[in-house]
Amino acid sequence: MSRVYNFSAGPAVLPEEVLQEAADEMLDYKGTGMSVMEMSHRSKAYDTIIKEAEADLRDLMKIPDNYKVLFLQGGASQQFAMIPMNLMKNRKADYIVTGQWAKKAYQEAQLFGEARKIASSEDETFSYIPDCSDLPVSEDADYVYICENNTIYGTKFKTLPNTKGRTLVADVSSCFLSEPVDVSKYGVIYGGVQKNIGPAGVVIVIIREDLIREEVLPGTPTMLRYKTHADNDSLYNTPPAYGIYICGKVFKWLKKRGGLEAMKEYNEKKAAILYDFLDGSKLFRGTVRREDRSLMNVPFITGSEELDAKFVKEAKDAGFENLKGHRSVGGMRASIYNAMPIEGVEKLVAFMRKFEAENGVVR
């Protein structure tokens with residue numbers, strides 16, 4: 001069977017080249033006579049894998065020396081607790097709620113201290129990013145939290161919020177490595193890798209060293225302390241070794257393609273093909289305010305639940321997988337991460353045009 005075009009929001013499409021390389025090394029990684037999947041994380045071969053992965057990520061993102069890179073487990077959702085446990089020394093934090101994952105993080109933080117919602121776009125089903133230029137940031141807030149790209153709703157912060165000197169913490173799970181970022185603007189930037197970087201099971205946390213403290217909230221388990229992992233180079237216990245190995249291959253793939261500047265250009269070109277079609281369509285329409293549109297996740301609807309269901313079914317039959325929108329919003333969503341080839345988007349648009357014509361609307 002030939003490969004489908006996989007528009008899943010995560011776990012998501014990976015570069016074919018990376019999968020092929022991993023397949024070639026599955027039984028014998030570089031003459032070790034074993035797979036990385038069965039290799040000791042304390043071995044010399046694995047030490048090289050994890051160190052190279054970190055060096056390549058630092059290079060791609062131009063991560064300053066005073067930031068640690070941690071390869072952890074538990075997904076982005078575990079960070080919803082880990083962040084307040086490690087950073088909430090005043091027991092206060094401000095949250096900007098622009099989607100379901102930011103909302104979950106905000107709710108989790110309430111277990112540990114006073115979490116304040118200082119802005120939200122819930123009033124319009126998270127279809128926009130609120131103005132964050134002059135928010136009521138608490139003077140004693142330990143941090144201000146955002147989810148930078150909202151996978152479910154297809155919105156993206158184009159300008160970071162004015163945190164008025166407070167530490168910025170950002171979940172970048174669904175826009176990780178899709179464009180250049182200035183890491184120095186964040187205290188913590190983190191994301192689950194299963195959308196844009198690797199297989200499910202790894203979360204990468206990039207954290208400024210002064211935020212890695214001995215003093216954490218009472219009762220914080222050893223495994224949930226950033227210091228535990230920073231002091232042990234992400235090898236305190238057995239890490240998600242195979243997942244990190246695949247992430248390392250994706251970092252090399254990105255470098256070979258010209259790095260994050262080149263990816264941004266590619267992603268903008270790719271997204272424009274779909275958004276331009278949606279803007280001119282008489283049947284389909286995007287659901288996000290134009291200036292807040294994500295390059296990675298594109299939700300759209302026909303306005304009829306029956307037609308939406310028919311489209312998803314026929315698209316699947318035509319080799320376009322995982323176009324059904326998140327259960328909380330319905331409709332459709334195309335996730336077009338780094339590894340989605342431009343031809344995939346072009347073919348999807350051609351299919352949408354045909355569907356539109358066949359369902360009574362001709363452009």
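M26 counts as partly exposed, because its relative accessibility is 31% (buried is under 20%, exposed over 50%, partly exposed in between, with a 1.4 Å probe and protein chains only). You'll find M26 in the loop between helix 1 (16-24) and helix 2. Together with L27 and M37, M26 makes a nonpolar surface patch of about 340 Å². Patch residues have over 30% relative accessible area and no salt bridge, with nonpolar side chains joined within 5 Å and like charges within 9 Å; a salt bridge puts a Lys or Arg side-chain nitrogen within 4 Å of an Asp or Glu carboxyl oxygen.

A word on the model: it is predicted, so local features need pLDDT of at least 70, side-chain atom pairs need 80 or more, and totals for chains, interfaces and linings use all residues. Numbering starts from 1 along each chain, and side-chain values use heavy atoms, leaving out hydrogens and water.

Seven strands form an open, mixed sheet in the order 2-10-9-8-5-3-4. Strand 2 (67-72) and strand 4 (114-120) each have a single partner, so one side of each lacks a neighbour in the sheet. Pairing takes at least two DSSP bridges; strands are DSSP E runs of at least two residues, helices H or I runs of at least four. Strand 8 (168-171) and strand 9 (188-192) run parallel, joined by three bridges, and V169 has V188 as its bridge partner in strand 9.

Two helices pack here, with contact meaning heavy atoms within 4.5 Å and angles running from 0 to 180 degrees between N-to-C directions:

| Helix | Strands | Angle |
|---|---|---|
| Helix 2 (44-61) | strand 2, strand 9, strand 10 (203-208) | about 130 degrees to strand 2 |
| Helix 4 (100-109) | strand 3 (92-97), strand 4, strand 5 (144-147) | about 160 degrees with strand 3 |

Methods:
Accessible areas come from the Shrake-Rupley method with a 1.4 Å probe; for residues, only the protein chains shown count as cover.
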